[in-house]
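Please have a look at it before I start.

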Amino acid sequence: MKSLCYLNQADCFPSAHKALTEPNGLLAVGGDLQPERLLSAYQQGIFPWFNQGEPILWWTPDPRAIFIIEDYRSSRSLMKTLKRQQWRFTINHAFDSVIHQCAALRQEGTWISPAIKAAYSQLHAQGDAHSIEVWQGEALIGGLYGIAVGRVFCGESMFHLKTDASKAAFHVLVTHLRQFEFTLIDAQVMNPHLARLGAQSLPREAFLTQLAQLKHHLSPASAWHAQEVKLEY
């Protein structure tokens, strides 16, 4: 019978195979959100997800929601929107604003607490967390953020203030990742929105096997320099 692991600050994560089946993928409780622990978690297919005021909860669900980058195709309606709208797209220009908006726009509550914001902003400052921004003039209208682990991008959250702006941010992300030979986007847990974008369910064992291989293929630092993105239609 599986039992939940309680972490002290110095403890390592248990094997992902020890995660509970109910709730699906809960692996450990406790620890901290220091950059070293967060990076170690993502490199093992583990991520934090908990409400403010709760202990830190660490998850590795089975199955996993993923996007195979080479298989992704944007919808015709999105491409029409991108051609019609005079939006601008950037990478790593406004990380803190993106994560703030991702938290602010979730009416049902959010796991993106001040502690999470601070932790991921620290990861961004050291070059491990990244954002995509969508602009209308000088207004930030959409975006997403996540962690790059080798040739896997671990998506965390996205937002939109204009229709299709988050889908546009995702399209920009995929376009950028293809240039640097990324293979997968980890979307963590399947939901209807991800399914409509083209996410697939992958058994945890298969995901961990691919992650173990892909995490060692590092992209050049230039991949994540703050930059403007020009889309070709």
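Let me begin with a term: a salt bridge here is a side-chain nitrogen of Lys or Arg within 4 Å of a carboxyl oxygen of Asp or Glu. What you see is a predicted model, in which local features need pLDDT of at least 70 and side-chain atom pairs count only at pLDDT 80 or more, while totals for chains, interfaces and linings use all residues. Residues are numbered from 1 along each chain as its sequence is written, and side-chain values use heavy atoms, with hydrogens and water left out.

How many salt bridges does a search of the whole structure find? There are 6, and one of them joins the side chains of Asp186 and Arg64, with N to O at 2.9 Å. This pair links distant parts of the chain, since Asp186 sits in strand S10 (residues 184–188) and Arg64 in strand S5 (residues 64–68), 122 residues apart; helices (H or I, at least four residues) and strands (E, at least two) are DSSP runs, numbered from the N terminus. Both Asp186 and Arg64 are buried, where buried means under 20% relative accessible area, exposed over 50%, and partly exposed in between, with a 1.4 Å probe and protein chains only.

A second salt bridge brings Arg151 together with Glu181, their closest N and O atoms being 3.5 Å apart. Arg151 lies in the loop between strand S8 (139–149) and strand S9 (152–160), and Glu181 in the loop between helix H5 (165–179) and S10, so this pair ties together parts that are 30 residues apart in sequence.

Through shared partners, salt bridges join Arg88, Glu228 and Lys230 into one network. Lys230 is exposed, at a relative accessible area of 69%, whereas Glu228 is partly exposed, at 38%.

Now to helix H5, which is mostly covered, as 11 of its 15 residues are buried, including Phe170, His171 and Leu177.
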